[in-house]
Amino acid sequence: MTHSASAQAGPARRTVVATAGVCGLAALLAACGGSDGKEENAKEGKEGNAKESESGGGAERPGAGAALGKAADIPEGGGKVFPDRKVVVTQPSKGEFKAFSAVCTHQGCLVKEVANGTINCPCHESRFSVTDGSVRGGPARQPLAARRVSVDGDSLTLG
């Protein structure tokens, strides 16, 4: 009986050792995968784009109904990107506030800055108008999706 008991224990031990080896290899491969940041930015933006598409672009957008900050923080003729909310707010003219998705329509990267009258994507240099989100340059062909923003006193809120 000792022989059959050790025969039954043998395969289980081999299975455990093989499984541990596979898990170690998977962890090693995951740790070796590097990124220059653009890929992660693109992935993050694409995931946000997918979530917006799944919800039909409706009320389930990130940050809807949440206060963004002060209207005074948005420069006239410029804007500010809120990456955590995946939104960019602009002030094309004094007291007029616009909001757009911060997800570039080219390949899903998050836009990074607002400068010289355009919203700028760092991945492939697409540029969008601060007034209406339309394409001003680069490989993007579709405008940024408009978002609702309201001003109550000096507070900006996504709607």
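## A salt bridge

A salt bridge is a side-chain nitrogen of Lys or Arg within 4 Å of a carboxyl oxygen of Asp or Glu. By this rule, the count here comes to one. The partners are lysine 98 and glutamate 96, with their closest N and O atoms 3.7 Å apart. Lysine 98 is partly exposed, because its relative accessibility is 29%. Glutamate 96 also counts as partly exposed, at 30%. (Buried means under 20% relative accessible area, exposed over 50%, and partly exposed in between, with a 1.4 Å probe and protein chains only.)

## About the model

This is a predicted model: local features need pLDDT of at least 70, side-chain atom pairs count only at pLDDT 80 or more, and totals for chains, interfaces and linings use all residues. Residues are numbered from 1 along each chain as its sequence is written, and side-chain values use heavy atoms, with hydrogens and water left out.

Strands are DSSP runs of E, at least two residues long, numbered from the N terminus. Two strands pair if DSSP finds at least two bridges between them.

Now look at one pair. S10 and strand S11 (residues 155-158) run antiparallel and share four bridges. Valine 149 has leucine 158, in S11, as its bridge partner.

## Two positive phi values

Most residues other than glycine have a negative phi. Lysine 86 has a positive one, near 55°. Lysine 86 lies in the loop between strand S2 (79-82) and strand S3 (87-93). Is lysine 86 buried or exposed? Lysine 86 counts as buried, because its relative accessibility is 12%.

Asparagine 116 also has a positive phi, about 55°, and is not a glycine. Its place is the loop between strand S5 (113-115) and strand S6 (118-120). Asparagine 116 counts as exposed, because its relative accessibility is 82%.

## A loop residue and its contacts

Glutamine 142 sits in the loop between strand S8 (135-137) and strand S9 (146-147). Which residues does glutamine 142 contact, leaving aside neighbours within four places in sequence? They are Thr105, Phe128 and Val135. (Contact means heavy atoms within 4.5 Å.) Histidine 106 is 36 residues from glutamine 142 along the chain, and their C-alpha atoms are separated by 7.6 Å.
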